[in-house]
Amino acid sequence: MLLALPALLTGLLLLVWSADRLLEGAVALARHAQLSPLLVGLVVVGFGSSSAELAVATAAAWHGHPALALGSAWGANIVGLSLVLGVTVLVRPISARSPVLHRELPLLLAATVLTGLLLWDGVLSRLDAALLLAGFVALLVWSWRQSRRSEPDALAEETALELHTHPLGTGHAVRRILLALLVLATGAALLVWGAVEVALGLGVSDLTLGLGVVALGITLPSLATCVAAARKGEDDIALGHVVGAGLFNTLAVAGLAGLIEPLDVDTAVLWRDLPVMAGLALVLYLRGRDERQPTRLGHTTGRALVAVYLLHALAIIVTSGPG
């Protein structure tokens, strides 16, 4: 424990630093490649913000701890859709106008329902994981097709403005990405080792630690990003950041972890965690189901989302058991 806790905290710090630099480099390269702003907003920003979750899940599954991998992925989803989004709209209510973002909300709900159906037998097999990854590939194709439409889109407009805020040269962007990947891998390895040792020392399961401490640590930096976007009036970027990360975690991160190392799923996931994920996705879908109206999230919704996070965190503490 004397070495494990510092390793866990150091790993978290390295992940936070490297994930931010990786996203900056990826956005810069996307700009130089002249990708459409909408595609950058949907894929590079939305999915790239979950690089820390992907690194942790891959490292955990590779070292034989798939429960930690899945716990961190699903936990990050819950933290993002409840605490991050809730605090963001408490700071400043948002009103997202993007038609494409409206269409992404039912996809998040569908991905969550698909996860529940695949896990209903209590096992995440390689076939289940392959289906999740196939869903992610389909999502990438859908995003690319949406980006080729000529209709005006608020997410594209806001992303276009951000692309020119902090420009990086191509060489600088490549060097930043390579350094970030190296630090990301190091941080993930440290975090996984530290988390496993801490879990053993405290007598809790990998899943519990992943859903709680690890998920919170790797997701909180998103809070600063979303609050900053909302304060600048970039409501579509703020909501798109959370929704894109949710889709990426549900399909790509969980799918890759399960493909590397299948596992028997703790029954607590089925009655405690997946219903919360599905409920949060349903709330967002209901808020944004009408493309003719903006997706408005105000203070009342913000308080409810933060309350959901706190209640779920309490449920994890109460129901946590040994690994």
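1. On a 1 Å grid over the protein atoms alone, a cavity is a set of points where a 1.4 Å probe fits but cannot get out, and a pocket is an open set with protein on both sides within 12 Å along at least five of seven lines; lining residues have an atom within 4 Å of a point. Grid points are joined across faces, edges and corners, and a volume is the space filled by probe spheres set on the points. By this rule there are two cavities of 30 Å³ or more.

2. This is a predicted model: local features need pLDDT of at least 70, side-chain atom pairs count only at pLDDT 80 or more, and totals for chains, interfaces and linings use all residues. Residues are numbered from 1 along each chain as its sequence is written, and side-chain values use heavy atoms, with hydrogens and water left out.

3. The largest cavity holds about 100 Å³ of space. Its lining has 14 residues, with Ala76, Gly80, Thr219, Ser222 and Ala245 closest to the centre. Helix α10 gives the most to this lining, five residues (helices are DSSP runs of H or I, at least four residues, numbered from the N terminus).

4. The second largest cavity has a volume of about 40 Å³. Gly41, Val45, Leu155, Thr159, Ile237, Gly240 and His241 line it, and α10 again gives the most, with three residues.

5. The largest pocket has a volume of about 860 Å³. Among its 33 lining residues, Asp20, Leu23, Glu24, Glu162 and Thr225 lie nearest the centre. The largest share of this lining, nine residues, comes from α1.

How values were computed: Helices (H or I, at least four residues) and strands (E, at least two) are DSSP runs, numbered from the N terminus.
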